[in-house]
Amino acid sequence: MKRPWSPEYVLDILESHTHILCARSSNPVVTGSTDGIGKEYAKELAKRGLNIVLISRTIEKLNKVATEIVQEFNVEVKVIQADFSKGQIVFDHITKELDDIEIGILINNVGMQYLYPMYMTEVPESTVWDLVNVNVGATTHMTKLVLPGMQKRKRGAIVNVSSSAELQPMPLLAVYAATKSYIKSFTEALRIEYEEDNITVQHLFPLFVNTKMNAFSYRLQETTLFVPDAKMYATNAVNTLGMVNHSTGYWAHGIQHFFMRLPPVWIRTLVGEFMTHSFRSDYFSKKGLKVE
């Protein structure tokens, strides 16, 4: 018997993880794949020799990322342009583009955030619909699209990227946090529905990551131990696939999550309110505006 956390034991874990990826990984699809976590997660999969399908809004960015991946990892990359904020109408095109592709892994990464923390009455109506279409609609419909093939083949993996904003209500980010709570509930239910079909359904909920989504605060644009850049986050997160169903995806976030869950929800909500007001002040200060 191998001693826990001996070199042989760790090697067995890594080999098991690689086997799980390969078993499920004919053509991973990554949404929101031209920036941040999505881009780096796609590169991590390509690093393992997997051909990739990238879906995102801007064709120029898609082509640029595809070229980077092909040159760096020598794999095949297909790009699909789709603006998920448009809602249901984009899925006919996506379905047609994926029709002859066997999809082994779906990374539901695409998401959007407020421009900065706002009161509900300040949020533009278009932003409200975009948040629902991108954060809820895209994950739901992409999952529905790939599930029949995975169910037929009796293998597959779906990774739904949520956020620690799901852990409590978030004043000034109310709609965003609510959409992430949906992702958690949706993911947990799907895992039970399809566990007999050998389909892995993973829930990722990172804390703060240094990406463009968090540009409203300079404090979230500085890479630190607890605010990793997208590459560091993705490197850690991809190694959890097939190993755990529910994870922050990054070890330091896991430590934060442990302590965050200790207080009751009402205290976490108050802390969240203090934090979003602070980020709102950062945004207004950067713009040279008076905080309202």
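Mentor: Buried means under 20% relative accessible area. Keep that cut-off in mind. The model here is predicted.

Trainee: Is Tyr283 buried or exposed?

Mentor: Tyr283 has 11% relative accessibility, so Tyr283 counts as buried. Phe284 has a relative accessible area of 5%, and is buried too.

Trainee: How is a pair of aromatic rings described?

Mentor: By the distance of the centres and the angle of the planes. A search of the whole structure finds nine aromatic pairs. Take Phe84 and Phe91. Their ring centres are 5.8 Å apart and their planes stand at 45°, so this pair is tilted. Both Phe84 and Phe91 are buried.

Trainee: Which arrangement do Tyr283 and Phe284 have, stacked, tilted or edge-to-face?

Mentor: Tyr283 and Phe284 are edge-to-face. The distance is 6.1 Å centre to centre, with 80° between the planes. Planes over 60 degrees apart count as edge-to-face.

Trainee: Which residues form one aromatic cluster with Tyr283?

Mentor: Tyr116 and Phe284 form the cluster together with Tyr283.

Trainee: Now the nonpolar core. How many residues has the largest one?

Mentor: The largest nonpolar core has 43 residues. Phe84 is among those with the most contacts inside this core, and so are Ile94 and Met142. Helix α5 (125-153) and strand β2 (52-56) are among the elements that each supply at least two residues of this core. α5 gives the most, with seven residues.

Trainee: What does Ile94 touch, leaving aside its neighbours within four places in sequence?

Mentor: Ile94 is in contact with Ile55, Ile80, Ala82, Phe84, Met142 and Leu145.

Trainee: Where does Gln168 lie?

Mentor: Gln168 lies in the loop between β5 (156-161) and α6. At 7% relative accessibility, Gln168 counts as buried.

Trainee: Which residues is Gln168 in contact with, leaving aside its neighbours within four places in sequence?

Mentor: Ala177, Met260, Val265, Arg268 and Thr269 are in contact with Gln168. Look at Val265. Gln168 and Val265 are 97 residues apart in sequence, yet their C-alpha atoms are 6.0 Å apart in space.

Trainee: Last, the surface. Which residues make the nonpolar surface patch of about 750 Å²?

Mentor: Leu225, Phe226, Trp251, Ile255, Phe258, Phe259 and Leu262 make this patch. Trp251 is found in helix α8, which covers residues 251-260.

How values were computed:
Residues numbered from 1 in each chain as written. Predicted model: local features only at pLDDT ≥ 70, side-chain atom pairs only at ≥ 80, totals over all residues. Heavy atoms only, no water. Phe/Tyr/Trp six-rings, centres within 6.5 Å; stacked < 30°, edge-to-face > 60°. Buried < 20%, exposed > 50% of the residue type's maximum accessible area, 1.4 Å probe, protein only. Patch = residues over 30% accessible without salt bridge, like charges linked within 9 Å, V, L, I, M, F, W, Y side chains within 5 Å. Areas by Shrake-Rupley, 256 points an atom, 1.4 Å probe, with all protein chains shown as cover. Salt bridge = Lys/Arg side-chain N within 4 Å of Asp/Glu carboxyl O. Helix = DSSP H or I, 4+ residues; strand = E, 2+ residues; numbered from the N terminus. Core = buried A, V, L, I, M, F, W, Y, C linked by side-chain atoms within 4.5 Å. Contact = heavy atoms within 4.5 Å.
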